[in-house]
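Me: Got a structure I'd like to go through with you. Can we take it piece by piece?
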Amino acid sequence: MKDKNLDFLKKQYLHTPIPEELDSVVKKALKDGSEHRMKRNKLIKRTSVAAVLIVVFAGVLTVGINSSPAFASALEKVPIVGGIVKVLTFKEYTVNEDRFKADIKVPAIEGLENKELQNSLNEKYLAENKKLYEEFMAEMENMKKEEGGYLGVDSGYVVKTDTDRILSIGRYVLTVAGSSSTVFKYDTVDKKEGILITLPSLFKDNSYIEIISENIKDQMRERMKADDGFIYWVDVDENEEFIEPFDKISPNQNFYITEEGKLVISFDKYEVGPGYMGIQEFEIPTEVIADILVSNEYIR
Amino acid sequence: MLLKNKYLEEQIAEYAVKHKENFYRLAYSYVKNADDALDIVQESVYKAISSMDSLKNPDYLKTWFYRIVVNTSLDFLRRQKRNVAVGEEILGSFDFGAVDSYGDFDLQRALDNLPEKYRTIVVLRYFEDLKIDEIAEILNENVNTVKTRLYKSLEILRVKLSECEEV
């Protein structure tokens, strides 16, 4: 009876469905590994069939301040409760077919007193997602001509922080095509003043780039020391060989501000570590940046 | 020296391509979803090639490779337990992975519920058809420990099954 049971389990095991992208994933990893060994400076990355989709947010977004008439009228239909700033789903694009799935939720901010800012953000969100959707459809048409392949996009938003003063809204795009990729983008708004808070605007000068980067590297080393499973592209000791290391944050690195008034720096999948690490966030202790903050208005 | 390396790399690459489905199934048996299993295979193959200097003797290619996959899978599970990354939770609901179609079987459940160090041995011995000494090599344990755990696993499985049958 033992053997019969084990045979059954083995059969189940051998019937694990094999995704067709396995082959390309292995080949890509072989190539990456080999290049890494040769050059020791190649970032581990699985490019996907739909790489084009991932690039969407990397592109420069030119957004007109005036919203389109159609867009403005759609927003006007939303009842605005006096002075309350809200984020809601303005529009949703969905595709649900066997090999093609898309769920794209477009957020819209309402209730900001600064309508220009509100419209420009909302129009940016709409433009980003419309583009994402159109590219998805184009890629889908292309792939339909071929036999296999799978394409999925999930895009939406999360409100990270919503206090009297601050609204931090994060939009994500998850693409699945050969492999998965996740991209997060944040906007942080001062509701009272009606301004968009950028990372440089929080600091007196550019020294924040170095100071924050050094702190993040320390945090990375601590996390790696505490858990073998954590891997970041950062040197732990001099002997260690590392791949194209994390050097510093970009001047406009993704960030948001927590309810407690802490600055959080965010990195996309692959940005500072191997893919399985996913999205990585680092809260910067306020005392580290206290000297260079313009004020304690937002960050405490 | 260089030629030897080139040859070794080819051997590893060939092995990876030939056994990719074995590695995938093994990874899947840990994480139970396609996307994570793919990530693990990718990571394992990448590690194998980029750190092939750690393979001292090419005769151990097979156990060395399996060891990388097992360790990468276990690392992944450990990390998942205390992953601080936000976002992924939200995204987790968006899962294209194949549905666990045999989840209802008591037998399968009994296997899945085995502690990791026991389950791994059952999988490697009976599903991947590896020899006891190969498994010992992969897990860096001595042969007797592996044997003991294997018998213990079968015992647990049998007890659980008979319990099920009685009910």
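Me: Which residues touch the most other members of the largest nonpolar core?
Reply: A:Val153, A:Val173, A:Ile216, A:Tyr232, A:Phe255 and A:Ile265, in a core of 49 residues. A nonpolar core here is a set of buried Ala, Val, Leu, Ile, Met, Phe, Trp, Tyr and Cys residues joined through C-beta atoms within 7 Å. Buried means 20 or more other C-beta atoms within 10 Å of the residue's own, with C-beta atoms placed from the backbone. This is a predicted model: local features need pLDDT of at least 70, side-chain atom pairs count only at pLDDT 80 or more, and totals for chains, interfaces and linings use all residues. Residues are numbered from 1 along each chain as its sequence is written, and chains are lettered from A and ligands numbered from 1 in the order in which they are written.

Me: Which element gives the most to this core?
Reply: β4(A), with seven residues. Helices (H or I, at least four residues) and strands (E, at least two) are DSSP runs, numbered from the N terminus.

Me: Where does the core lie relative to the domains?
Reply: Between domain 1 (51-197) and domain 2 (201-292) of chain A, because both give residues to it. The bounds come from an automatic or database domain assignment.

Me: What other core is there?
Reply: One of 43 residues, lying apart from the 49-residue core. Its members include B:Leu38, B:Ile49, B:Phe76 and B:Leu139.

Me: Switching to B:Ile121. Buried or exposed?
Reply: B:Ile121 is buried, with 28 other C-beta atoms within 10 Å. B:Ile121 lies in helix α7 (residues 116-127) of chain B.

Me: What is it in contact with, leaving aside neighbours within four places in sequence?
Reply: B:Ile135, B:Val146, B:Arg149, B:Leu150 and B:Ser153. Contact means C-beta atoms, placed from the backbone, within 7 Å. The C-alpha atoms of B:Ile121 and B:Ile135 are separated by 7.1 Å.

Key. Buried ≥ 20, exposed ≤ 12 C-beta atoms within 10 Å, placed from the backbone. Contact = placed C-beta atoms within 7 Å.
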